[in-house]
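Please look through the sequence and the structure below before reading on. The explanation that follows leads from one residue to the wider fold and back to individual side chains.

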Amino acid sequence: MSENNHHLHHPQQNHFCPAETMSEDEEPSRPSPPPPEPGSKKTRNCAAVHPSPHSDRVLEIVLEHVLQFLTASRDRNAASLVSKSWYRTEALTRSDVFIGNCYSVSPARVTTRFPRVRSVVIKGRPRFADFNLMPQNWGGHFGPWVATMGKAYPLLERVYLKRMSLTDRDLCLLADSFTKFKELVLVCCEGFGTSGLTAVVSKCRQLRVLDLSDTEVSYDGVDWISYFPEGETCLESLIFDCVECPINFEALESLVARSPALKKLRLNREVSIGQLYRLMVSAPNLTHLGTGAFGHPEPQDPNNQEMDYAAAFSACKSLVCLSGFREVMPDYLPAIYSVCANLTSLNLSYANIDVEQFKSVICQCFKLQILWVLDSVYDEGLQAVAATCRDLRELRVFPLNAQEDVEGPVSEVGLQAISEGCPKLESILYFCQRMTNAAVIAMSNNCPDLVVFRLCIMGRHQPDHITGAPMDEGFGAIVMNCKKLTRLAISGLLTDRAFAYIGMYGKLVRTLSVAFAGDSDTGLKYVLEGCPKLQKLEIRDSPFGDAALVSGLHHYYNMRFLWMSTCQLSRQGCQEVAHALPRLSVELLSYEENEKMDDDTVDVLYMYRSLHGPRDDAPQFVTIL
């Protein structure tokens, strides 16, 4: 269902005349000229009339050099559809492949189509899986991919996986198959343990990047850090801040000391502030640092000298990105003051600090472009951000307490302050309990460069808390005034009018997330008929039914996926879509993991385009129509 897989199709042939179809590599038929007389100019120019049999190869060589300059997948996909020659050449020159849905195409088809790949990106479960709306064992297995790529891509250097399930055996096979492997990035993945990591770090001796972001790693008693090869390493980035496993600090300290190229280091909560100090002394050239717990101070050293944390931070002249603070002790926050002026990215989304502590830090971050915080900073903290961070491009405000019926510490006051103080803002994720149309409209006017706008009003069906009106006009202003908008998440009390605005003005919207919103099927019809660029549509707890679903038949083949949970769909309506679009994989999921759907109720509809056909690893609670 994604345009990212269009390059796996063969190019269509051109029609030169109604009677026949010819390949682009062939010349259209024409009357043969009379043979030239001996010695005439036509004889001497015969080579121009009859091209060399090697002309196609010459063209391909030229194309290889031209296509090297095309790096965007969208551009390369378009180039591959020009002709058969372009199709072949583009395949031979492509070094990286993006698979937006691991079930949209088979591993064998990818490896056959692109034989010289060095980097692979694969995504598995949809995003709503992060909110426990999809059972953990739904699928998204890496096993079939690594088994196929292990034979086809001996020179593979990089694997990026998101929301995938992989085992220790998969990681062992990866380590054994790719002798020049350099980068492993796992985001929101699960299923493996420290034994699998041990195989990767011990066998991939050219490893430069190991990134385990928001990834679950089970501890099976193996000390994976100590298995890095002895001697100097190639390591440039080591990220394990979310890995809840014990760490052999002596092995980690030794690893950092013998990794002169290390620039990014993000530590888990097992690393105390005293241990952090020792690591920083060993690696003063870090550009990205995740501090670990930032607490649990250790006893003074034998010489009765306290560790000068402020001096350690001050020595890190290159530090531009700071995160961590998982068990922060506020007394140590002043230690980071010396680096604040150079920071472009600050992630405090795990730091439960109060507004005064936050203000003491943020008032020094004049260059900040990316900020993630908890709503414990209150509107007052966001006002301090607006007063200081004029160059801010991305803001995320997460809830400390995600319950729906609590009094939220941030509101329209903080949002409006940000819009007035941060005119360069491009992306915002804002969790709150109450909001007003006026504040959202102000943001649309003050921040016209917004590309991502995600407003999550946690209380269900919450209106403008001052006027009591639906939030239609606020979201309408966002899609009208923010001409670059590609991602939108909407919530609160919304009628079909809001969806009419989105369909009318959201011509560039590619991802739309809807929660507890809408009046009738008409609202969703507005979106499906009015947003030609829509790729990903996520809907939960909304009153959309079969009529709305069927209205998008013309568009589903162009999308990566559609997710609808707790809506008003029937099995018959979903079956109608499956019959009308046979290349669409239509999955019905039951909330009961051990039960199949046996009535007309649809808990979850997840559908996506697949060049491979229905998958063969669906668990019992999944019905594929």
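**From a surface loop to the interior**

Phe366 is found in the loop between α14 (355-362) and β13 (370-374). The model in which it is seen is a predicted one. Is Phe366 buried or exposed? The relative accessible area of Phe366 is 54%, and a residue counts as exposed when this value is over 50%; Phe366 is therefore exposed. Between the C-alpha atoms of Phe366 and Ala387 there is a separation of 9.5 Å, and the two residues are 21 residues apart along the chain.

The view may now be widened to the whole chain. The protein chain contains 22 helices and 23 strands. Of its 625 residues, 54% are buried. When contacts between residues at least 6 apart in sequence are considered, 71% of them join residues at least 24 apart.

The largest nonpolar core has 176 residues, of which Phe142, Leu238, Leu252, Phe313, Phe453 and Leu605 touch the most other members. Another core lies apart from it and consists of seven residues, among them Phe98, Val121, Tyr160 and Cys188. What does Leu252 touch, if residues up to four places away in sequence are not counted? Leu252 touches Ile225, Leu238, Phe240, Ile247, Leu267, Val271 and Leu279.

How many aromatic pairs does a search of the whole structure find? The search finds 17 aromatic pairs. One of them is formed by Trp224 and Phe240, with 5.7 Å from centre to centre and 85° between the planes, an edge-to-face arrangement. Trp224 lies in the loop between β7 (217-218) and β8 (237-239), while Phe240 lies in the loop between β8 and α10 (249-257), so this pair ties together parts that are 16 residues apart in sequence. Trp224 counts as buried because its relative accessibility is 1%, and Phe240 counts as buried because its relative accessibility is 0%.

In a further pair, the ring centres of Phe294 and Phe325 are 4.9 Å apart and the planes stand at 65°, so this pair is edge-to-face. The pair links distant parts of the chain, 31 residues apart: Phe294 is in the loop between β10 (288-291) and α12 (309-314), and Phe325 is in the loop between β11 (321-323) and α13 (337-340). Both Phe294 and Phe325 are buried. Elsewhere, ring pairs join Tyr103, Phe128, Phe131, Trp138, Phe561, Trp563, Tyr606 and Tyr608 into a cluster.

The charged end of Arg583 sits over the ring of Tyr557, at 4.7 Å from its centre. Likewise, the charged end of Arg615 sits over the ring of Trp138, at 4.5 Å from its centre.

Why does Arg615 count as buried? Its relative accessibility is 8%, and buried means under 20%. With what does the side chain of Arg615 make a polar contact at 2.7 Å? The partner is the side chain of Glu587. The side chain of Arg615 also reaches the backbone oxygen of Trp138, at 3.2 Å. Beyond its neighbours within four places in sequence, Arg615 is in contact with Tyr103, Trp138, Gly139, Glu587, Tyr608, Val622 and Ile624.

Methods
Residues numbered from 1 in each chain as written. Predicted model: local features only at pLDDT ≥ 70, side-chain atom pairs only at ≥ 80, totals over all residues. Heavy atoms only, no water. Buried < 20%, exposed > 50% of the residue type's maximum accessible area, 1.4 Å probe, protein only. Polar contact = N/O pair within 3.5 Å; in protein donor to acceptor, adjacent residues only side chain to side chain. Contact = heavy atoms within 4.5 Å. Helix = DSSP H or I, 4+ residues; strand = E, 2+ residues; numbered from the N terminus. Core = buried A, V, L, I, M, F, W, Y, C linked by side-chain atoms within 4.5 Å. Phe/Tyr/Trp six-rings, centres within 6.5 Å; stacked < 30°, edge-to-face > 60°. Lys NZ or Arg CZ within 6 Å of the ring centre and 35° of its normal.
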